[in-house]
Amino acid sequence: MSKIAILGFGTVGSGTVEVFCKNKSSYEKNIGKELDIKYILDIRDFPDSPYADKFVKNFDVIANDPEITVVAELIGGNTFAYDCVKRALEAGKSVVTSNKELVATKGAELLKIAREKNVSFFFEASVGGGIPIIRPLGQCLMSDEIISIAGILNGTTNYILTKMLKEGAEFSEVLAKAQELGYAERDPEADISGGDACRKICILASLIFGNHIYPEDVYTEGVTSITKEDAEYATDWGGVIKLIASACRIDDKKLEITVCPNFVPFESQLSGVDDVFNAILVRGEATGEVVFYGRGAGKYPTASAVVADILNALKSESKSLIWDAYRAGCVADYRKQKHRFYLRLMNTSRKNVKALFGEVAFLNRKNTPEGEIAFVTAEITREELDRKCENLDVKGKIQILDIT
Ligand code: HSE
């Protein structure tokens, strides 16, 4: 008999218990032994829950119980959750988590402890909800040199952008709906500001490039400044606006890693990824392009990834992936990398734009107000772009996706 502890009975925690209990007998056949969720840790009381007898409030009970071999951390954050995960690993228990903040900030340290203790530390559910991405990247594609990765990694903002830009809904209404559907973080600021996507691209980049990448090193911009006007210009240009998280090898030593809205051309597979769906486009030297697509948030998709990790942790041959500690200078200065940009300006003229930016591609939309000019620049660094924009009335500034 293998016994499991679940930490946190929120959206993902309750989903995990439900999925596990529903399919328990087939899991037992697969693993070859009886399985049981012995404890659920939560500070709240759930007297009417069918699992009421399993609830505990003190993590010591779990840490000190030698019968517990796998702990699923579904609390979130990196304070209490970090203490629990570290203690569980140090006590020789495998840990699985959906907590991207924890993995993005403490991943290298926790993976090292797991390795030293010869236990597993898995986090498939931390990126892409129900999409298998961590294990495919760390195992199936490990033979290849990954050149770039670009994706829609936040379900909430993709849902918001889809409803706002395609269906004309209001930002606050759609955000409330995303919260109701269980897509958004407890504090949705992390979704809207790009912080959640940033943590996820840090995890993927650490895995692929082999050194821990910290969120504070990543240029991160959210979705709050995107307008319907910009979306109309994106259509004229031949694409859509998406929040894109990307990491791209510049040379052997450095990578460019950013999270920001992008104009995504219709030819890109990322352009048709709508609602809560996520997609991750990986380009390998030998493999070429591989795309992972599926539901990026929500109770059951995320829970299914957690349960799969629990089952993998129970198989004794499954051990953690690994990456090294942070290496100074491994993230390139994003301001010095060249891209094309969309700009929407007021109170200027095409003549002024040409004088300042040289050859650009002007864009059109219906009922353009007097003095509004929109265009796409030639390749330019952000540093140079910002300098040229200093005395301009900029209403919209969005990068053009060049990883397609
Ligand atoms: N808030 C996250 C999202 C949940 O919307 O993608 C899944 O990580």
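This is a predicted model: local features need pLDDT of at least 70, side-chain atom pairs count only at pLDDT 80 or more; totals for chains, interfaces and linings use all residues.
Residues are numbered from 1 along each chain as its sequence is written, and side-chain values use heavy atoms, with hydrogens and water left out.

Rolling a probe the size of a water molecule over the atoms shows where empty space is left. The search uses a 1 Å grid over the protein atoms alone: a cavity is a set of points where a 1.4 Å probe fits but cannot get out, a pocket is an open set with protein on both sides within 12 Å along at least five of seven lines, and lining residues have an atom within 4 Å of a point. Grid points are joined across faces, edges and corners, and a volume is the space filled by probe spheres set on the points.

The largest pocket has a volume of about 1000 Å³. It is lined by 45 residues, of which Leu74, Ile75, Gly76, Glu185 and Arg186 are the closest to its centre. Two or more lining residues come from each of helix 1 (11–31), helix 4 (100–117), helix 6 (155–167), helix 8 (189–192) and helix 9 (195–209); helices (H or I, at least four residues) and strands (E, at least two) are DSSP runs, numbered from the N terminus. The lining comprises 13 nonpolar, 19 polar and 13 charged residues, where Ala, Val, Leu, Ile, Met, Phe, Trp, Tyr, Cys and Pro count as nonpolar, Asp, Glu, Lys and Arg as charged, and the others, Gly among them, as polar. Because domain 1 (2–130 + 301–314) and domain 2 (134–295 + 328–334) both give residues to this lining, the largest pocket lies between them; the domain bounds come from an automatic or database domain assignment.

The largest cavity, with a volume of about 80 Å³, is lined by Phe121, Phe122, Phe123, Glu124, Ile134, Arg135, Gln139, Asp309 and Leu321. Strand 6 (121–122) and helix 5 (134–140) are the elements giving two or more residues to that lining, and helix 5 has the largest share, three residues. Five of the lining residues are nonpolar, one is polar and three are charged. The largest cavity lies between domain 1 and domain 2, because both give residues to its lining.

The second largest cavity holds about 40 Å³ of space. Its lining consists of Ile152, Leu153, Asn154, Thr157, Asn158, Leu161 and Leu243, with helix 6 giving the most, three residues. Four of these residues are nonpolar, three are polar and none is charged.

Two packed helices are described by the angle between their axes and the distance between the axes. Axes here are lines fitted to C-alpha atoms, for helices over the stretch in contact, and angles run from 0 to 180 degrees between N-to-C directions. Helix 4 and helix 9 pack at about 50 degrees, with their axes 9 Å apart. Helix 4 is therefore oblique to helix 9, given that angles under 35 degrees count as roughly parallel, over 145 as roughly antiparallel, 65 to 115 as roughly perpendicular and the rest as oblique. Their crossing is left-handed; a crossing is left-handed if the near helix is turned anticlockwise from the far one by less than a right angle, and right-handed if clockwise.
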